[in-house]
Amino acid sequence: MAAVLSLIVAVAAWQWPRSPATPPTPPATGGSATGTAGGPGRTPATATAPATRDSRYLADLAPESGADLIAPLPRPISEDPTWAAHPLVVRCPSNQTGDERHDVVYQLRGRYVEAAAEVRTYHPPKGDAEAAVVVTMVTSTRERDGTLTTADVTASGQGPLAAAIDGAEKLTVRVRCEDPGDLVVLTEARIS
């Protein structure tokens, strides 16, 4: 009896006329959607905002190596917001044999896709304001055979520096300076 009743309900639902004025409702999805209004009774689909990527400042992270090369922001510029925006301050090398560059290394474990910073140089009052500074972001990516492949992005002097770090195991901030008394300040230095 229940089977016969189910069959009758199924046939009636199949035969029952549907109203053409009501479009079927699309199923909800978790991805982003695009759309436009298609006439009366239709509304545009809304785009789902992409998830924001976790962003971390290098100044807030403990480096794997090179922590002894990091300095505090000098007092004369510590109150200036253009210098004090999450600064990573790296001492310039002495340029003596064996100390031609300073490397600060961060462990990433392939969790980030981009590194960015604004490169600035702090010249002490009696320093050479024209002295050159070169900052390089070096990524180390592990290959399938276990070896590490490196790639780098270099900025000379002042200005923005950004590097693709997708899949990188490590990020090295490498500093070279003409004047050993200078400090390199990377403001808003972050990985995301």
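User: Two strands count as paired if DSSP finds at least two bridges between them; with that in mind, in which sense do strand S5 and strand S6 pair?
Analyst: In this predicted model, strand S5 covers residues 133-142 and strand S6 covers residues 148-156. DSSP needs at least two bridges for a pair, and these strands are joined by nine bridges. Among the residues involved is Val 138, whose bridge partner in S6 is Asp 152. The sense in which S5 and S6 pair is antiparallel.

User: Which residue takes a positive phi in the hairpin of S5 and S6?
Analyst: The hairpin has five residues between its two strands, S5 and S6. A positive phi near 95° is found there, and the residue that takes it is Gly 146.

User: Is Gly 66 buried or exposed?
Analyst: Gly 66 lies in the loop between strand S1 (56-57) and strand S2 (88-91). A residue is called buried when its relative accessible area is under 20%. Because the relative accessibility of Gly 66 is 13%, this residue counts as buried.

User: What distance separates the C-alpha atoms of Gly 66 and Val 105?
Analyst: Leaving aside residues up to four places away in sequence, Gly 66 touches Asp 103 and Val 104. Val 105 is 39 residues from Gly 66 along the chain, and the C-alpha atoms of these two are separated by 6.3 Å.

User: How many strands are there in the protein?
Analyst: Along the sequence the pattern reads α-β-β-β-β-β-β-β-β-β. Besides one helix, the protein therefore has, with strands taken as DSSP runs of at least two residues, a count of nine strands.

How values were computed
Residues are numbered from 1 along each chain as its sequence is written. This is a predicted model: local features need pLDDT of at least 70, side-chain atom pairs count only at pLDDT 80 or more; totals for chains, interfaces and linings use all residues. Side-chain values use heavy atoms; hydrogens and water are left out. Helices (H or I, at least four residues) and strands (E, at least two) are DSSP runs, numbered from the N terminus. Buried means under 20% relative accessible area, exposed over 50%, partly exposed in between (1.4 Å probe, protein chains only). Contact means heavy atoms within 4.5 Å.
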